[in-house]
Amino acid sequence: MLLWINGPFGVGKTQTAFEIHRRAPGSIICDPEQVGFGLHRMMPRSLRGDFQELRAWRQGVYEVLDLTLAEHDGPVIAPMTLVNSYYFDQIIGRLRDRGREVCHVTLMAEPETVRGRIGRRGLGLKADPFAVSRVDSSLEELQRDEFATHIDTEALSIPQTADRIGEIAGLTLEPNTDGPIRNAINQGLTTARHIRLG
């Protein structure tokens with residue numbers, strides 16, 4: 001099964017994906033963002049825009065996920081903001097047409113909450129201006145029915161959000177027996193691994 005975790009930048013997709021990965025035996029993270037970063041590294045800075053606009057990104061993500069779903073025996077978790085309906089159909093729609101099992105969820109929260117989370121994820125560094133600039137438009141676009149199932153994360157912790165997704169996807173997650181300190185350490189390590197500088 002592909003578990004695509006959608007939502008605006010900064011809502012908690014990556015944290016939730018890694019929480020599920022820790023608690024779902026046999027699962028893997030297959031991050032579509034890495035395809036985009038690879039494409040950007042091949043281009044001069046002056047040409048680096050939104051990599052989702054590159055047909056090569058959409059095709060590459062589709063092919064990697066299709067191959068992984070065909071060959072990997074376990075949940076495949078893809079945390080990625082995807083608000084363009086056409087791009088959604090080119091990846092998720094095509095995978096469904098191929099008969100791949102796809103569970104798509106969208107994490108939501110109030111705009112100020114998302115902006116606060118963006119500010120905290122940089123570990124004191126400057127908030128990502130690209131992510132901040134997209135909060136309102138992403139939340140508006142993601143409210144559409146095609147991006148269901150929506151999960152309001154406003155009052156949920158990362159482990160609680162993972163539990164909710166597990167219920168929706170029919171995944172049996174190992175219980176989260178970590179206390180607040182261990183949860184904070186796990187989330188801090190995930191954040192540190194995903195800080196992008198320039």
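Start by selecting Arg 23, which is found in helix H1 (residues 13-23). The model on screen is predicted. Colour Arg 23 by accessibility: at a relative accessible area of 7%, this residue is buried.

Now show what surrounds Arg 23. Setting aside residues up to four places away in sequence, Arg 23 touches Pro 159, Ala 162, Asp 163, Thr 172, Leu 173, Glu 174, Pro 175 and Asn 176. Draw the distance between the side chains of Arg 23 and Asp 163: a polar contact of 2.4 Å joins them.

Glu 19 forms a salt bridge with Arg 23, and the closest N and O atoms are 3.1 Å apart. Both residues lie in helix H1, four residues apart, about one turn of the helix.

The buried ones are Lys 13, Gln 15, Thr 16, Ala 17, Phe 18, Glu 19, Ile 20 and Arg 23.

**Helix H7**

Go to Thr 161, in helix H7 (residues 158-169). Thr 161 is buried, with a relative accessible area of 2%. Beyond its neighbours within four places in sequence, Thr 161 is in contact with Thr 16, Leu 107, Thr 153 and Leu 156.

Stay in H7 and pick Arg 164 and Glu 167. They form a salt bridge, with the closest N and O atoms 3.3 Å apart. Both lie in H7, three residues apart, about one turn of the helix. Arg 164 counts as partly exposed at 36% relative accessibility. Glu 167 is exposed, at 58% relative accessible area. Elsewhere, salt bridges that share partners join Glu 19, Arg 22, Arg 23 and Asp 163 into one network. Across the model, the count comes to 11 salt bridges.

**The loop between H2 and H3**

Next, select Arg 134 and Asp 50. Their side chains meet in a salt bridge (3.7 Å, N to O). Arg 134 lies in helix H6 and Asp 50 in the loop between H2 and H3, so the pair ties together parts that are 84 residues apart in sequence. Arg 134 counts as partly exposed, at 30% relative accessibility.

Gln 52 is found in the loop between H2 and H3. Gln 52 is buried, with a relative accessible area of 7%. Which residues does Gln 52 touch, not counting those up to four places away in sequence? They are Trp 57, Arg 58, Met 80, Thr 81, Leu 82 and Tyr 87. Zoom in on Thr 81: its backbone oxygen lies 2.7 Å from a polar atom of the Gln 52 side chain.

**Helix H3**

Select residues 55-71, helix H3. At 1.5 Å a residue, its 17 residues should span 24 Å, and the end C-alpha atoms are 24 Å apart, which agrees. Buried here are Trp 57, Arg 58, Gly 60, Val 61, Tyr 62, Leu 65, Asp 66, Thr 68 and Leu 69. These buried residues pack against strand E1 (2-6), strand E2 (28-29), helix H2 (32-41), strand E3 (76-79) and helix H4 (85-97).

**Last stops**

Select Ala 148 and Thr 149. The peptide bond from Ala 148 to Thr 149 is cis, with omega near 10°. Thr 149 sits in the loop between helix H6 (129-142) and strand E5 (150-152).

Finish on the surface with Ile 181, Ile 185 and Leu 189. They form a nonpolar patch, with about 300 Å² of accessible area together. Ile 185 is in helix H8 (residues 180-193). At 39% relative accessibility, Ile 185 counts as partly exposed.

Note on methods:
Residues are numbered from 1 along each chain as its sequence is written. This is a predicted model: local features need pLDDT of at least 70, side-chain atom pairs count only at pLDDT 80 or more; totals for chains, interfaces and linings use all residues. Side-chain values use heavy atoms; hydrogens and water are left out. Helices (H or I, at least four residues) and strands (E, at least two) are DSSP runs, numbered from the N terminus. The expected span of a helix is 1.5 Å times one less than its number of residues. Buried means under 20% relative accessible area, exposed over 50%, partly exposed in between (1.4 Å probe, protein chains only). Contact means heavy atoms within 4.5 Å. Patches are made of residues with over 30% relative accessible area and no salt bridge: like charges are joined within 9 Å, nonpolar side chains (Val, Leu, Ile, Met, Phe, Trp, Tyr) within 5 Å. Accessible areas come from the Shrake-Rupley method with a 1.4 Å probe; for residues, only the protein chains shown count as cover. A salt bridge is a side-chain nitrogen of Lys or Arg within 4 Å of a carboxyl oxygen of Asp or Glu. A polar contact is a pair of N or O atoms within 3.5 Å; within protein, one must be able to donate a hydrogen and the other to accept it, and residues adjacent in sequence count only if both atoms are side-chain atoms.
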